[in-house]
Each structure stands twice: as structure tokens, then as C-alpha cells.
Amino acid sequence: MVKRYFQKLLLWREKHIPEKHFVLILSFFVGVFTAFSALLLKWLIHFIQAFLTNNFNISEVNFLYLLYPAIGIFLAAMFVKFVVKDDISHGVTKILFAISQRKSRIKPHNMWSSVVASSLTIGFGGSVGVEAPIILTDSAIGSNLGRLFKMEQRTLMLLVGCGAAGAVAGIFKAPIAGLVFTIEVLLLDLTMTSVMPLLISSVTAAVISYIFTGTDALFKFSINEPFEMHRIPYVLLLGIFCGLVSLYFTRTMSWLEGRFRKLNTWYKKLMVGSLVLSLLIFLFPPLYGEGYDTINLILDNESNKLVDGSLFFSLANNYWLFIGYLVLILLFKVFASSATNGAGGTGGIFAPSLFLGCLAGFVFSHSLNYFEFIPNMPEKNFSLMGMAGVMAGVMHAPLTGTFLIAELTGGYDLFLPLMIVSISSYLTIIAFEPHSIYSMRLAQKGELLTHHKDKAVLTLLKMNSVIETDCEPVRPNMYLGDLIKVISRSSRNIFPIVDENGIFKGIVLLDDIRNIMFRPELYYRFKIEKLMISPPARIYVNMPMEKVMNIFDDTNAWNLPVLDEEERYIGFVSKSKIFNSYRKVLVHFSEE
């Protein structure tokens, strides 16, 4: 009954509402749903944290820090393993993969599974952020809402972007940052067709967030010392420092993830990750949870409270030992975040990036202020700039770093230095690492969609769509006469040679036998193996299309054999077929 009425609704919509207008309506609803999902996740996390830590004495060592994170990760891991039964980590990477490899289709369970798993992980003290899970959740809402109304792939991609934009705008009250994040990080092209839906989702989510949580910025910040031009050299140095911190975070997290993958059972990962995380949080309490409390302390000029509840509470009175304590937190944050996710927890690196950036900016300025010959560096301002710098470096998104920090804190008076730090940090890390922490895994597999139009289209092309199977295989022990019979019923001029197991051996070209193919007396004198040649190159079925095109360019070939991993023949791929498919995809995704 419901299905029949819904089909009537779809038919009515197709007749009365043009698709370009209907997309705007869908983007509004995506913004509404994303805002409420973000509010729900934030409420769940804060409820769990308040329930667990309400009786903590912040001035004393709390041994429950050894227990809470392990419990949270265990609950989240069991939920994922036995309820979800799917990998829901690396939320933004999964969105990039869905856009480039799954026709923007995200599984329905992602609309709720990350909310439950991340609230357990972070609420119990996991040292990760809430943003990547909510971005995956809201992108899944956009994708599945589009699929419900039978939208085409291009529109699904846009609705996925609307979900991500709404998530960032709703969680941070930052509509501009939501739009910019979608363009920079998710690599969606900015056109007149896409900008309005993204803006509608961002603004809608931000407005709903303002209604329910007030108009105050996420971080309380008031500028006491305006930016002065003579500080520009130090701002540039901070940007370079943030770029190096971003590089350390990216490379170390990638290495640690590899180490956790080598632990081949889930309970080993859980035990090792929980142990590492609990010990780090016990030694360095600022590593507990998202880390936003630490950021607020620094922005409120109460950095001396960062040692409260730790074994090193006496260090606050020693200038350089206190700096050393903060540097250790800076270095160990990546271990805490990696242990959280590696053990089975669910969370992102948005919040860790902001945490690291704030500490980096504070450590940089606090260290310089020790020296009297250096002009005074406003530590709050530099902490804010550091947040923009590390975020820009880790995500390879300087505009996102700039706009997000400005909107998060209301620190628009520092817009120029925020831009300087973000750009210099990005230029620093790009010299060492060409891809962001989100995209590096996909880029290594050739599965990343980028703003480079040619590469984007080649990424969207699939090998299965261009393989031609109308070339009839022949055996090496067959005679020329047998080959002539195959040629007589074929429309191709190239013939693959395979053995009895289907293993590819070589090819025979019609041009190479043209001088003997009309001499019947030779038909049973020559075997095909005598006429066989090797192709200029071999294509394997799992190769990324960009690499396939590079092979064609290097060999100047027009047809190449496609094999599986065991060298079995599958078919041929021709340059002309790739060009035709390329043109169709390019036209489809370039239409306004």
C-alpha cells in the first residue's frame, strides 16, 4: 500500500517539479536532518561524559582514567562487530570512496551506526573527534534520500556533499566552512548547479543549531591585542611549524594504523589499543575525549590548569618543564587517537587537528615570549592561528582551516594572519605529502576523485566497462589453417593466444600473417606458436584507469590484453573504447 502511494508521489513529482528545483527541496531536508543528527550526537557524548566524570576531583589523580576509555572502546567495538557487522571507521575516506567508486551510494546503516559507536567511544574518553562520524552519517542521509527519490548519480554526488556541508555547519555553527569543506576536502566542483544546494544545506543546519544551542561560538574568544604587521615573520614561522606538525601527525598516524592492521585478531587490537590509550590519558589527562576543554582553557588564558589531575601537576611553576609537558602531549596525541580507532573505537581527526593546532600555537608563542628581545606574541591569538594551520595542513584545505576557525571563535579580526598561517602550513606539508590524511589511502590505490578533470573522469571510468571480449582466443599448438577459420568468422585483426588453462601467452596480428594466409599449402606447416609475438604491454584488471592510459601513451599501442592476477586472459582494451567512454562520462559530469 505504502509502496504504491510512494510510486504515485514519484510520478507526480516527475510531472510537476523539475529536477533542478527538486534538488533544492531535497537539500533543505538534508540540512534539517543533518542538524538534528549532529545535535543528537553532541547531546549523547556530553551526557555520557557528564555522567562518568561528574564526581571527578580535577585537582587529584583519577584512576578511573585507566578504565573508562577501555570500556568505551570495548562497547563500541562489540556494537560494530556484532550489530553493524561492517567497517565504519575513517568516515571521510569512506565518503571519498563512495563518490569515486560506488556511484555516491552509501549504505543505509551509516545513517545511524556511526552516531552510536562514536558516542560510546568519545563519551567514555576516546581521544578522537565527533566530526568525521557525523559527516559520514549526514552524507549517508543525503545519499539515501537521493536514492529514495531515484536521483541519478550526479545528483547523488551533490546530495552527499550537501550532507557533509550540513554536518560541518551544524556541528560547528559554521555555514561557510561547511561549503568550503565540501569543495576542498570532498573535491566536489563548484558550479552554479552545486553551489545553491550546498549553501541551502549549510545555512539550514547552522540556523537549526543556533536555535537549539544559542548564538555563541563553539569556543569563547575575545581579541585583546589586535594583529600588528611586524608579527608577520613570526606568523609565517608558525605556519611552517604547523605544517611540520601536520606532517608528523599524518605520517605517524598512517604508520600506527599499519601496525594495528598487523594485529590479525580483534581482541589483540582491543587489548593493545585500550592499554595504550588508558595509560596515555592517565599520564596526560588533556588527552581525554575530544580535547575541546583544553582548547577553551588555552583561549581563556588558563593554560596552567592543563596539569590539573596529572602526575606532573608541579610542572606548572617551571617555565620550560611546563613547555616540555605540553610538547609531550603534542607528540602523544597522535598515539592516543590512533589507539582509539585501532582498538575498535569510532572517531575522526577533526578535533585532534584543532587540539594539536591550539597546542602548537601556544607552545610556539609561549616559547618565544621567554626571550625579551622578541616582541610579545599574544598567546591566545597564536593558539587560534595554530588551529587553522594544523587543520589546513592535515586536511590539505587552507580555506577550510581559515573559515572554520574564524567561524568557530568569531575571530574575524584575525582573518589575515589565519590565512597566512593556513597557506604557509599547506605549502609546507605539500612539499612532503601530496595527499591529505583522508585521501592518501585512496590515492595509493588510484581510487581518488580529484578536481583535475582528466584524472577525475579516469577515476570514474571502470575497467569492466571498457573491456572487449569479442577477440576469439586460439591455442599455441593450433595450425595456421585453424587460425584462418577463426579469422573468417571474426571482425578483429588481433587474436590472443592462451594455453589449455587460459593463461595468456601472446598475440597474433592479422598484418603479420597477411603474406601467408592465402597460401593453403602452408596451412599445416606452421603452428601458431611460431607466429606468436608479445604485446607491447599487459593490462591487469585491477589497474587504475589513469595508469592504463599512461601505459597506452608510453607504448603507443591501440589495443592491449587484459589479464587477471594469475595471468589468465580476460579480453582486450582499446584506446578508442576508452576515449569514447571518457567522453560520455565527461559530458555527463560537466553539464550545468
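Trainee: Which residues touch the most other members of the largest nonpolar core?

Mentor: Ile-135, Phe-172 and Phe-181 do, in a core of 107 residues. Helix H14 (residues 350-368) gives the largest share of this core, 12 residues. Helices (H or I, at least four residues) and strands (E, at least two) are DSSP runs, numbered from the N terminus. Do keep in mind that this is a predicted model, where local features need pLDDT of at least 70, side-chain atom pairs count only at pLDDT 80 or more, and totals for chains, interfaces and linings use all residues. Residues are numbered from 1 along each chain as its sequence is written, and side-chain values use heavy atoms, with hydrogens and water left out.

Trainee: What makes a set of residues a nonpolar core?

Mentor: Its members are buried Ala, Val, Leu, Ile, Met, Phe, Trp, Tyr and Cys residues, joined through side-chain atoms within 4.5 Å.

Trainee: Why is the pair of Phe-22 and Phe-149 called edge-to-face?

Mentor: Rings of Phe, Tyr and Trp (its six-membered ring) pair if their centres lie within 6.5 Å; planes under 30 degrees apart are stacked, over 60 edge-to-face, and the rest tilted. Here the centres are 5.2 Å apart and the planes stand at 70°, so the pair is edge-to-face. Phe-22 lies in helix H2 (residues 19-53) and Phe-149 in the loop between helix H6 (131-148) and helix H7 (153-172), so the pair ties together parts that are 127 residues apart in sequence.

Trainee: How do you know whether Phe-22 is buried or exposed?

Mentor: Buried means under 20% relative accessible area, exposed over 50%, and partly exposed in between (1.4 Å probe, protein chains only). Phe-22 has 6% relative accessibility, so Phe-22 counts as buried. Phe-149, at 15%, counts as buried too.

Trainee: What makes Lys-333 a charge over the ring of Phe-355?

Mentor: The rule asks for NZ of Lys or CZ of Arg within 6 Å of the ring centre and within 35 degrees of the ring normal. Lys-333 lies over the face of Phe-355, at 4.6 Å from the ring centre.

Trainee: And how do you know that Glu-290 has no salt bridge?

Mentor: A salt bridge needs a side-chain nitrogen of Lys or Arg within 4 Å of a carboxyl oxygen of Asp or Glu. For the buried Glu-290, the nearest side chain of opposite charge, Lys-42, is 8.1 Å away. Glu-290 lies in the loop between helix H11 (266-283) and helix H12 (292-299).

Notes: Lys, Arg positive; Asp, Glu negative; His and termini not counted.
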